[in-house]
Amino acid sequence: MVEGARADWVWSVERLRAGRPPPPLRGPPPPTGEDLARVSISTPLKAKLMKLFLDTADVAVIKDMVPTGMVDGVTTNPSLIAKSGRNIAEVIAEICALVEGPISAEAVSLDFETMVKEGDKLAAIAPNVVVKLPLTWDGLRACRVFTDKGIKTNVTLCFSAAQALLAAKAGATFVSPFVGRLEDNGADGIALLEEIRVLYDVHGFETQILAASLRNVAHVAAAAVAGSDAATFGADTFKALVKHPLTDRGLDAFVADWAKTGQSIL
Ligand code: G3P
């Protein structure tokens, strides 16, 4: 027997097929204009902050950027570890000690069993390690294992909304769509972030969108506007976020005018 909401739906569809008007909606009455005004004034739509991550395995770079107070986490990948020239366990441990937030460390095997073993080893380095896994069937299976154990995951190398759907269904903490690499191949990386945002919101998935492969300030701003929960990029882009020629020009004028007053605030 069909029950509850499903029964309502079947009933509505049958009425529509029979050319009769849809039934009135059940449940509480729709909100009035007054209700909506009250909600919009007192209730923030999303009481959460966008996280900014550094995409590097270079400890010196991380040390340099941490004092900005803006580094919410760090992402690494096998290429970045190779570039650092260091042992993965050592460098991840050092990064975890420098930054309290999520630190992504990537499993490198392609088969499920070995991926799980590698992920377990990486997760044991520090409580803030996030196990990074590729968007493959094996990676998604491994993701479910870590999620069920309460270990955070980052499903990486995401290039489509369909892949992002699978990452969410595997219980990923983060999904990493690669904006720059899509653009390298003539596709619209920011549009992908927008699609995933809609997909996750419509279905209520809690997986966080971690915009990755961001190469410049415009990418970061667009990723933020698209509703990404987090963004990761290199230190050069991080430093460039604060820069604007009109800020420099305005500051020069303020300093020059202030000097003319001969005053001192202190
Ligand atoms: O976190 C993924 C990111 O490092 C990839 O960036 O510039 O190599 O495409 P990129």
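Biologist: How should I read burial, and is Leu-192 buried or exposed?

Modeller: A residue is buried if 20 or more other C-beta atoms lie within 10 Å of its own, exposed if 12 or fewer, and partly exposed in between, with C-beta atoms placed from the backbone. Leu-192 counts as buried because 23 other C-beta atoms lie within 10 Å. The model is a predicted one: local features need pLDDT of at least 70, side-chain atom pairs count only at pLDDT 80 or more, and totals for chains, interfaces and linings use all residues. Residues are numbered from 1 along each chain as its sequence is written.

Biologist: Where does Leu-192 lie, and which residues is Leu-192 in contact with, leaving aside its neighbours within four places in sequence?

Modeller: Helices (H or I, at least four residues) and strands (E, at least two) are DSSP runs, numbered from the N terminus. Leu-192 belongs to helix 10 (residues 189-203). Two residues are in contact if their C-beta atoms, placed from the backbone, lie within 7 Å. With neighbours within four places in sequence set aside, the contacts of Leu-192 are Ala-161, Pro-177 and Leu-182. Between Leu-192 and Phe-159, the C-alpha to C-alpha distance is 7.7 Å, although 33 residues separate them in sequence.

Biologist: How many helices and strands are in the protein chain, and in what order do the strands close into a barrel?

Modeller: The protein chain has 13 helices and eight strands. Strands pair if DSSP finds at least two bridges between them. Here eight strands form a closed barrel in the order 1-2-3-4-5-6-7-8, with parallel pairing. Neighbouring strands of this sheet are turned by 30° against each other on average, direction ignored; the angles are taken between axes, which are lines fitted to C-alpha atoms, for helices over the stretch in contact, and they run from 0 to 180 degrees between N-to-C directions. Strand 1 (residues 51-55) and strand 8 (residues 230-233) run parallel and are joined by four bridges, and Leu-52 has Ala-231 of strand 8 as its bridge partner.

Biologist: Why is strand 7 described as largely enclosed by the rest of the structure?

Modeller: Strand 7 is largely enclosed because seven of its seven residues are buried. Two bridges pair it with strand 6 (residues 174-177) in the parallel sense, and Val-175 has Ile-209 of strand 7 as its partner. Three bridges pair strand 7 with strand 8, also in the parallel sense. Ser-213 is placed in strand 7 (residues 208-214), and its phi is near 55°, a positive value in a residue other than glycine.

Biologist: Which residues are around the ligand?

Modeller: A residue is near a molecule if its C-beta atom, placed from the backbone, lies within 6 Å of it. Around the ligand are Asp-55, Thr-75, Asn-77, Ser-176, Phe-178, Gly-180, Arg-181, Ala-212, Ser-213, Arg-215 and Thr-232. Helix 9 (179-184) and strand 7 each contribute at least two residues to this shell.

Biologist: Which residues touch the most other members of the largest nonpolar core?

Modeller: A nonpolar core is a set of buried Ala, Val, Leu, Ile, Met, Phe, Trp, Tyr and Cys residues joined through C-beta atoms within 7 Å. In the largest one, of 57 residues, Ala-167, Val-175 and Ala-223 touch the most other members. Not counting residues up to four places away in sequence, Ala-167 touches Leu-135, Leu-140, Val-155, Cys-158, Ala-172, Val-175 and Thr-207.
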